[in-house]
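Subject: Structure handover

Hello,

Here is the structure you are taking over, with notes on what was found in it. Please read the notes with the model open beside them.

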Amino acid sequence: MSPCAASFIPALRRFLCAALLLPSCMLAMAEGSGASGRVPKPVLEAARGGQCVEDAAYMRRNHMQLLKHQRGDTLRGGIRTGKYSLKTCIDCHASASTNSVNTSAGDFCQSCHNYAAVSLDCFGCHASKPAANQVAKAPDQLNQPQVKP
Ligand code: HEC
Ligand code: HEC
Ligand code: HEC
């Protein structure tokens, strides 16, 4: 290989890196910093009392799995007394001002999910307030007999 080609190839590679990779890096960085600047940090309103079903650090990481297991137990096994029922979460975590976990940006579940860019479909069916905490009409695909009035 001639000395000329030997120095040309790394230079070409650097040029391609700069031309192709850098813009996507910068875009990713811009999106990253933009997001942390725009999305307010979650403000978690204190629970109404008592103790959580597990300790807070555990809940922070694992509540989604707990809820999904509980749902599986209910839908497949008909168990409705579970410790991790969605209803109990709402009874303790509904906001004092909105009476909901998911109605306004400051509500317990909502504020954290906004921050983490998680959107839940749960409250399309499940009430997010303790007062009228009934599951809405089950769609046909769930094929779930309604035992509640
Ligand atoms: C399409 C409607 C629908 C959606 C969406 C939905 N559920 Fe349910 N869910 C139901 C029905 C119906 C039951 C059965 C209620 C019963 O028979 O007691 C149920 C039961 C449950 C239960 C067990 C009962 C309880 O109160 O704990 C949990 C937990 C649960 N769902 C969690 C969730 C979570 C978490 C989400 C979102 C990721 C979700 N559900 C989304 C309809 C829905
Ligand atoms: C008897 C009341 C009670 C019940 C029921 C309850 N919690 Fe909690 N939860 C608390 C308390 C108290 C804390 C500690 C933080 C506080 O004081 O708000 C907490 C903390 C948490 C945290 C951590 C918040 C943080 O500090 O980062 C999450 C997440 C959470 N709960 C989710 C749930 C979910 C999901 C359910 C239902 C499966 C649930 N909780 C049921 C009272 C409750
Ligand atoms: C401390 C912050 C925090 C709080 C408070 C919190 N969540 Fe979450 N939640 C998260 C994060 C982060 C994820 C996404 C985790 C992942 O992607 O693995 C998540 C995911 C979920 C999921 C799974 C969504 C999916 O589609 O897979 C459910 C269901 C859920 N949360 C329910 C709740 C409910 C109900 C409450 C209020 C009682 C709540 N969360 C409160 C941080 C929180």
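**Around ligand 2**

There are 18 residues around ligand 2, and Ala47, Gly50, Cys52, Cys89 and Cys92 come nearest (a residue is near a molecule if its C-beta atom, placed from the backbone, lies within 6 Å of it). Two or more residues of this shell come from each of H2 and H3 (helices are DSSP runs of H or I with at least four residues, strands are runs of E with at least two, and both are numbered from the N terminus). H2 gives the most to the shell around ligand 2, namely 6 residues. By type, the shell around ligand 2 holds 12 nonpolar, 5 polar and 1 charged (Ala, Val, Leu, Ile, Met, Phe, Trp, Tyr, Cys and Pro count as nonpolar, Asp, Glu, Lys and Arg as charged, and the others, Gly among them, as polar).

**The model and its numbering**

This is a predicted model, in which local features need pLDDT of at least 70, side-chain atom pairs count only at pLDDT 80 or more, and totals for chains, interfaces and linings use all residues. Residues are numbered from 1 along each chain as its sequence is written, while chains are lettered from A and ligands numbered from 1 in the order in which they are written.

The average pLDDT of the protein is 72, and 60% of the residues score at least 70 (pLDDT is the predictor's confidence in each residue, from 0 to 100). Residues 1-5 have a pLDDT below 50, and beyond near neighbours in sequence this stretch has 1 contact in the model (two residues are in contact if their C-beta atoms, placed from the backbone, lie within 7 Å). Residues 133-149 also have a pLDDT below 50, with 11 contacts beyond near neighbours in sequence.

**Overall make-up**

The protein has 4 helices and 0 strands, and its pattern along the sequence is α-α-α-α. Of its 149 residues, 11% count as buried (buried means that 20 or more other C-beta atoms lie within 10 Å of the residue's own, exposed means 12 or fewer, and partly exposed is in between, with C-beta atoms placed from the backbone). Taking contacts between residues at least 6 apart in sequence, 48% join residues at least 24 apart.

**Around ligand 3**

Which residues come nearest to ligand 3? They are Met64, Cys89, Cys109, Cys112 and Ala116, out of 17 residues around this ligand. Helix H2 (56-77), helix H3 (86-93) and helix H4 (108-116) each supply at least two residues of the shell. H4 gives the most here, with 5 residues. The shell around ligand 3 divides into 13 nonpolar, 3 polar and 1 charged.

**The core and the helices that form it**

In soluble globular proteins, nonpolar side chains tend to be buried together. In this model the largest nonpolar core has 7 residues: Leu86, Cys89, Ile90, Ala94, Val101, Phe108 and Cys109 (a nonpolar core is a set of buried Ala, Val, Leu, Ile, Met, Phe, Trp, Tyr and Cys residues joined through C-beta atoms within 7 Å). H3 and H4 each supply at least two residues of this core, and the largest share, 3 residues, comes from H3.

The buried residues of H3 are Leu86, Cys89, Ile90 and His93. They lie on the same side of H3 because they cover an arc of only 95° around the axis (the arc is that of the directions from the helix axis to the C-beta atoms). H2 and H4 are among the elements that cover them.

In H4 the buried residues are Phe108, Cys109, Gln110 and Ser111, and they pack against H3. Cys109 is in contact with His93, Val101 and Asn102, leaving aside its neighbours within four places in sequence.

**Loops and positive phi angles**

Asn99 is in the loop between H3 and H4. Asn99 is not a glycine, yet its phi is positive, about 60°. Asn99 counts as partly exposed because it has 15 C-beta neighbours inside 10 Å.

Is Ala117 buried or exposed? Ala117 counts as exposed, since it has 8 C-beta neighbours inside 10 Å.

Glu54 is in the loop between helix H1 (3-38) and H2. Glu54 is partly exposed, with 15 other C-beta atoms within 10 Å. Glu54 and Lys83 are 29 residues apart in sequence, and their C-alpha atoms are 9.8 Å apart in space.

Regards
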